Amino acid sequence: MAQNRIGIHAGVWGFDWSPASAERAISSAASLGYDLIEIPAIDPGRHSAVDTRASLRRHGLESTVSLALTTADDITSADGSIVARGERRLLDAVRFAADIGSRFVGGVVYSAMGRYSAPASAEGRDGSLAVLRRVAVAAAADGITLGVEYVNRYESNLLNTARQTLEFLDELDAPNAVLHLDTFHAHVEEADITDPVMLAGDRLGYIHASESHRGPLGTGSLDWPRLTRTLVAEGYRGDITVETFSSAMLTDDETADIGVWRRLWDDPDRLAAHSLDYLRRQLHEASVVPTSAPLAGSDH
Ligand code: MN
């Protein structure tokens, strides 16, 4: 079938993006058979786009870019200097993506990723939309799609469900902005893991395939057969990128940012090989089930 490009998050091999680390992650992902690698634009100023692009070309691997804003560059902030920093970071990520040949920038691009102590304000939401309208225009100029990834209640106060995110996208009104679904977050917040797929329709543009505990796919409580059957039935053709983290490959600061306090796996190459095999098998099995067949669990 091969309708979807299958990717893996570079953070599987750690968040350091020195030329040597980039080469290691890119060569591993390519040799295992992935179509793309998602590169976190943690600080694009320090990234060597030239080295990254060369590595990608050498190994015939495609890429996407992601980022998550922080309290220091939160575009929902009432502090204009913090908002300006966030806009700069988003535009830098778009520039980095263009420089390495990526066509997608996604992630937590609309607020900080972290626990808030108050509800989102109308002003903060409007401020976020105003920044993202400009970022979307800049992205469109480079042929880049902007993915808005909703996350669970402990990691943003603004967008926690597909419905909220689609309303946000309606207001954003940017033709190159799409819903970026992360199954880990959706598993926490949605009544049904297939709801975001059904609600978003063709506005679903990117997926993080992430297990209920962020560990190896197929070892948690996420209903992958049901999800993949729905994706196939709905004709989803976009990228599906494995996102899993383990404290085995992270610094203490990175562990704290993501909240992964344990070793969910030890060997990144083995993990990556397993994830690709698992996802391909799920998609294959989903594609051979007649779409008219009732979905398991659809009777509740
Ligand atoms: Mn994600």
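Before the pockets, I wrote down my terms. On a 1 Å grid over the protein atoms alone, a pocket is an open set of points where a 1.4 Å probe fits, with protein on both sides within 12 Å along at least five of seven lines, and lining residues have an atom within 4 Å of a point. Grid points are joined across faces, edges and corners, and a volume is the space filled by probe spheres set on the points.

I also noted that this is a predicted model, where local features need pLDDT of at least 70 and side-chain atom pairs count only at pLDDT 80 or more, while totals for chains, interfaces and linings use all residues. Residues are numbered from 1 along each chain as its sequence is written, and side-chain values use heavy atoms, with hydrogens and water left out.

**Pockets**

I began with the second largest pocket, which has a volume of about 240 Å³. Its lining has 13 residues, and Phe184, Arg214, Ile258, Gly259 and Val260 lie nearest the centre. Helix 9 gives the largest share of that lining, three residues. (Helices are DSSP runs of H or I, at least four residues, and strands are runs of E, at least two, numbered from the N terminus.)

Then I turned to the largest pocket, with a volume of about 640 Å³. I found 31 residues lining it, with Phe15, Ala68, Met113, Asp257 and Ile258 nearest its centre. Strand 3 supplies the largest share, four residues. I sorted this lining into twelve nonpolar, eight polar and eleven charged residues; Ala, Val, Leu, Ile, Met, Phe, Trp, Tyr, Cys and Pro count as nonpolar, Asp, Glu, Lys and Arg as charged, and the others, Gly among them, as polar.

Glu149 in strand 5 and Glu243 in the loop between strand 8 and helix 9 are 94 residues apart, a pair that links distant parts of the chain. Both Glu149 and Glu243 are buried, meaning under 20% relative accessible area, with exposed being over 50% and partly exposed in between (1.4 Å probe, protein chains only).

**Single residues**

Val12 sits in the loop between strand 1 and helix 1. I counted Val12 as buried because its relative accessibility is 0%. Leaving out residues up to four places away in sequence, Val12 touches Thr244, Met249, Trp265, Pro268 and Leu271, where contact means heavy atoms within 4.5 Å.

Arg89 is in helix 3. With 14% relative accessibility, Arg89 counts as buried too.

I checked two non-glycine residues for phi. Asp173 has a positive phi of about 55° and lies in the loop between helix 5 and strand 6. Is Asp173 buried or exposed? Asp173 is exposed, at a relative accessible area of 65%. Arg214 has a positive phi near 70° and lies in the loop between strand 7 and helix 8. Arg214 counts as buried, at 8% relative accessibility.
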